[in-house]
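Subject: Structure handover

Hello,

My notes on helix packing and aromatic contacts follow below it.

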Amino acid sequence: MKKVNKNSGFKLPKNYLENFNDSLLDKISSQEEIKIPNKEGFTVPKDYFDTLHKNISDKLEDTPTKVIPLKSYKKYYYSAIAAAAIILLFVGINLNKTTNYSIEDIANSDIDAYIEYTDLNFSSYEIAEVVPVDNLDITDILDAGINEENIIDYLEDDLDSFNELNLDSYDY
Amino acid sequence: MLEEQTLLEDLKQTETQTRAFETLVNTYKERLYWHIRGIVLNHDDADDVLQNTFIKVYRNITNFKGESKLYSWMYRIATNESLSFLKSKSKKMGVSNVELQETLLNNLESDVYFEGNEIQLKLQKAIATLPEKQKLVFNMKYFQEMKYEEISEILETSVGALKASYHLASKKIETYIKEN
């Protein structure tokens, strides 16, 4: 085979051709598409799924329904308790009983403690029935108000793409 | 669909409830477990969340109006339960969500119920860097091979936005794995 560019004046770095194969292979492997494994690698204890239903049934029998009191509705509980106390007071007067209690006799700390530690069992539907939606404000749910700066910070930090806002044309 | 309807009716009636609940648990336990495990990472936590999910389903089945499919509703409960679980865990530990994720990932290396190799561990680390929504979409699409329409019903997000999220998530994961 005839040698090419024998006298062209070009020069090769030392050992270029000897090392060419290795550097080519390195380049190919570095550009190779990353293969993401399709399994997470998680496992479960032996017989876990076989005993699951029994475990859930046992738990269902053991745990009574628990309703977590909502702090934000506290003020409505005060009103409900006040109303109940007034009714009791009137009933007490009508029945000519000697013990007269008024809402003032109940310390605020006692009302707080009652709401905190008593399972009031109000469902969200029951609360919704007595709480007028029109009078609700965002500050009833959140302790701190949301200002425009907070919203912009949130959008900047938590959204990678405008698409995530999921705005369809009819949303505008 | 007919089966789901029958199951729902049986779940709402006292006489058939116990049997129907067993069928429900046996039908969905594995799918929901892997969904939850992908979010909370640790088996014991996943077990807790899964049991709570089924208990919530059982207690609220009478309120289920059938406006979405039963399994979408259950997936939604499982997702919310998992995310609330992580939030309360980070609160209890007094750490941020990011710090909690780091702890969970570090624990994964010594977890007896994790048999992943180096690349699988790296993949979990990459997933942990994603925003919550992208993380959910990636897990559901990639590992659970769910259809966009199914994910859309569960996450109440349009298919277009889900595709964009998945694309972004995959790109970020690829970059993370390449660079680390």
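**Helix packing in chain B**

In this predicted model, helix α4 (residues 70-93) of chain B packs against helix α5 (residues 97-109) of chain B at an angle of about 95 degrees, and their axes are 9 Å apart. Angles of 65 to 115 degrees count as roughly perpendicular, so α4(B) is roughly perpendicular to α5(B). On the α4(B) side, the contact uses L86(B), K89(B), S90(B) and M93(B). On the α5(B) side are N97(B), L100(B), Q101(B), T103(B) and L104(B). By class, the residues of this contact are four nonpolar, four polar and one charged.

The next pair is helix α6 (residues 118-128) of chain B with helix α7 (residues 132-143) of chain B. Their axes come within 9 Å and cross at roughly 140 degrees. That makes α6(B) oblique to α7(B). From α6(B), the residues in contact are L123(B), Q124(B), I127(B) and A128(B). They meet K135(B), F138(B), N139(B) and F143(B) of α7(B). The contact of α6(B) with α7(B) has five nonpolar, two polar and one charged residues.

**Aromatic pairs**

How many aromatic pairs does the structure hold over all chains? There are 14. Take F49(A) and Y33(B): their ring centres are 5.3 Å apart and their planes stand at 90 degrees, so the pair is edge-to-face. This pair crosses between chains. F49(A) sits in helix α2 (residues 48-62) of chain A, and Y33(B) sits in helix α2 (residues 14-40) of chain B. Both F49(A) and Y33(B) are buried.

F64(B) and W73(B) give a tilted pair, because their planes are at 35 degrees, with the ring centres 4.6 Å apart. Are these two residues buried or exposed? F64(B) has a relative accessible area of 5%, so it is buried. W73(B) is buried as well, at 14%.

**A ring cluster in chain B**

Which residues do ring pairs link into a cluster? They are F138(B), Y142(B), F143(B), Y148(B) and Y166(B). Two of these names came up above: F138(B) and F143(B) are on the α7(B) side of the contact with α6(B). There is a charge to note here too. K141(B) lies over the face of Y148(B), at 4.5 Å from the ring centre.

Best wishes

Definitions and conventions: Residues numbered from 1 in each chain as written. Chains lettered and ligands numbered in written order. Predicted model: local features only at pLDDT ≥ 70, side-chain atom pairs only at ≥ 80, totals over all residues. Heavy atoms only, no water. Axes fitted to C-alpha atoms, helices over the stretch in contact; angles between N-to-C directions. Helix = DSSP H or I, 4+ residues; strand = E, 2+ residues; numbered from the N terminus. Parallel < 35°, antiparallel > 145°, perpendicular 65-115°, else oblique. Contact = heavy atoms within 4.5 Å. Nonpolar A, V, L, I, M, F, W, Y, C, P; charged D, E, K, R; others polar. Phe/Tyr/Trp six-rings, centres within 6.5 Å; stacked < 30°, edge-to-face > 60°. Buried < 20%, exposed > 50% of the residue type's maximum accessible area, 1.4 Å probe, protein only. Lys NZ or Arg CZ within 6 Å of the ring centre and 35° of its normal.
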